[in-house]
Amino acid sequence: MGEGMELSGRRALVTGAAGGIGESVARRLAAAGVRVLCVDIDGPGAHRVARDIGGEARSVDLSDMDAVDRVSLSDIDILVNNAGMQHVAPIHEFPPDTFALLLRIMVEAPFRLIRGVLPHMYERGFGRIVNVSSVHGLRASAFKSAYVTAKHALEGLSKVTALEGAPYGVTSNCVNPGYVRTPLVEKQIVAQAEHHGLTPDEVVRNVMLGPEAIKRLIEPEEVAEFVAFLCGPNASFMTGGSHVIDGGWTAH
């Protein structure tokens, strides 16, 4: 997809856009001519990215549903639900409030944003919804009950959106990366090391990359490139899918 060509004139909202995958997605869509609204709880980070790409920024706590509902969605053509968080603990020690928090950020907030953008997309006969899921939307790992539950739920929401949106030219897909080189993963490495009694290097090599055939972390730009493809015209027949970028993890 050529830069500044295929998506010129479209407007996108990207959550978690202050860093990691979200920042890379925002930059890649802007390069394709999209006007991007960068949403993140990290307001300064979102504004930094927006300034760089000629977009807009909004500081939003996605765990606050009233704040989510106040985001203006009337002209959004592309929605990328990317924001997320992680907490690692055995189920019997997992804080219930933290479990609920993860589901609000990674399931209820995407639902409300999708609900808000669909009327405009239906009216225009075009819409692209990309939900940044995970290999954990398809597989489970111990000590990640909230994250795995949320990503599985996001998969279901995405599929229902695909079925309802199809008659109106709206597609909905999940992107399912393995471990991506982001600040979120760096925090996971530390948490996993504590729970497994391993060094951080051993966690990356033996725990995170153990199931993968390609033994390296994925770069955020690689995920962003596929997200951009799903937003373009050449992906108009791709909907309801879960598209793995996992170095062969799910091939097992």
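1. Ground rules. The model is predicted: local features need pLDDT of at least 70, side-chain atom pairs count only at pLDDT 80 or more, and totals for chains, interfaces and linings use all residues. Numbering starts from 1 along each chain as its sequence is written, and side-chain values use heavy atoms, with hydrogens and water left out.

2. H1 against H8. Helix H1 covers residues 20-31 and helix H8 covers residues 220-231. Helices (H or I, at least four residues) and strands (E, at least two) are DSSP runs, numbered from the N terminus. The axes of H1 and H8 lie 8 Å apart, at an angle of about 50 degrees. Axes here are lines fitted to C-alpha atoms, for helices over the stretch in contact, and angles run from 0 to 180 degrees between N-to-C directions. H1 and H8 are therefore oblique to each other. On this scale, under 35 degrees is roughly parallel, over 145 roughly antiparallel, 65 to 115 roughly perpendicular, and the rest oblique. The H1 and H8 crossing is right-handed. A crossing is right-handed if the near helix is turned clockwise from the far one by less than a right angle, and left-handed if anticlockwise.

3. Who meets whom in H1 and H8. From H1 come Gly20, Ile21, Ser24, Val25, Arg28 and Leu29; they meet Pro220, Glu221, Val223, Ala224, Glu225, Val227, Ala228 and Cys231 in H8. Contact means heavy atoms within 4.5 Å. By class, this contact has 9 nonpolar, 2 polar and 3 charged residues. Ala, Val, Leu, Ile, Met, Phe, Trp, Tyr, Cys and Pro count as nonpolar, Asp, Glu, Lys and Arg as charged, and the others, Gly among them, as polar.

4. Thr182 beside that contact. Thr182 sits in the loop between E6 and H6. Leaving out residues up to four places away in sequence, Thr182 touches Gly20, Ile21 and Pro220. Gly20 and Ile21 belong to H1, and Pro220 to H8. Thr182 is buried, at 9% relative accessibility. Buried means under 20% relative accessible area, exposed over 50%, and partly exposed in between (1.4 Å probe, protein chains only).

5. H4 against H5. Helix H4 (residues 96-124) and helix H5 (residues 145-165) have axes that come within 8 Å and cross at roughly 15 degrees. That makes H4 roughly parallel to H5. The crossing of H4 and H5 is right-handed. Among the H4 residues in the contact are Phe99, Leu102, Leu103, Met106 and Phe111; the H5 side includes Ala146, Tyr147, Ala150, Leu154 and Leu157. By class, the contact of H4 with H5 has 15 nonpolar, 4 polar and 2 charged residues.

6. His120 in H4. His120 also lies in helix H4. At 13% relative accessibility, His120 is buried. Neighbours within four places in sequence aside, His120 contacts Leu73, Ser74, Asp75, Ile76 and Asp77.

7. Aromatic pairs. The structure holds 4 of them. Rings of Phe, Tyr and Trp (its six-membered ring) pair if their centres lie within 6.5 Å; planes under 30 degrees apart are stacked, over 60 edge-to-face, and the rest tilted. Phe94 is buried at 8% relative accessibility, whereas Phe99 is partly exposed at 28%. Tyr179 and Trp249 have ring centres 5.7 Å apart and planes at 25 degrees, so this pair is stacked. Tyr179 lies in the loop between strand E6 (170-177) and helix H6 (183-196), and Trp249 in the segment after strand E7 (242-245), so the pair ties together parts 70 residues apart in sequence. Tyr179 is buried at 6%, and Trp249 is buried at 9%.

8. Gln192. This residue is in helix H6. Gln192 is buried, at 3% relative accessibility. Not counting residues up to four places away in sequence, Gln192 touches Lys144, Val203 and Val207. Gln192 and Leu79 are 113 residues apart along the chain, and their C-alpha atoms are separated by 32 Å.

9. Ala17. Ala17 lies in the loop between strand E1 (11-15) and H1. Its relative accessible area is 0%, which counts as buried. Beyond four places in sequence, Ala17 contacts Gly22, Glu23, Cys38, Val39, Asp40 and Val49.
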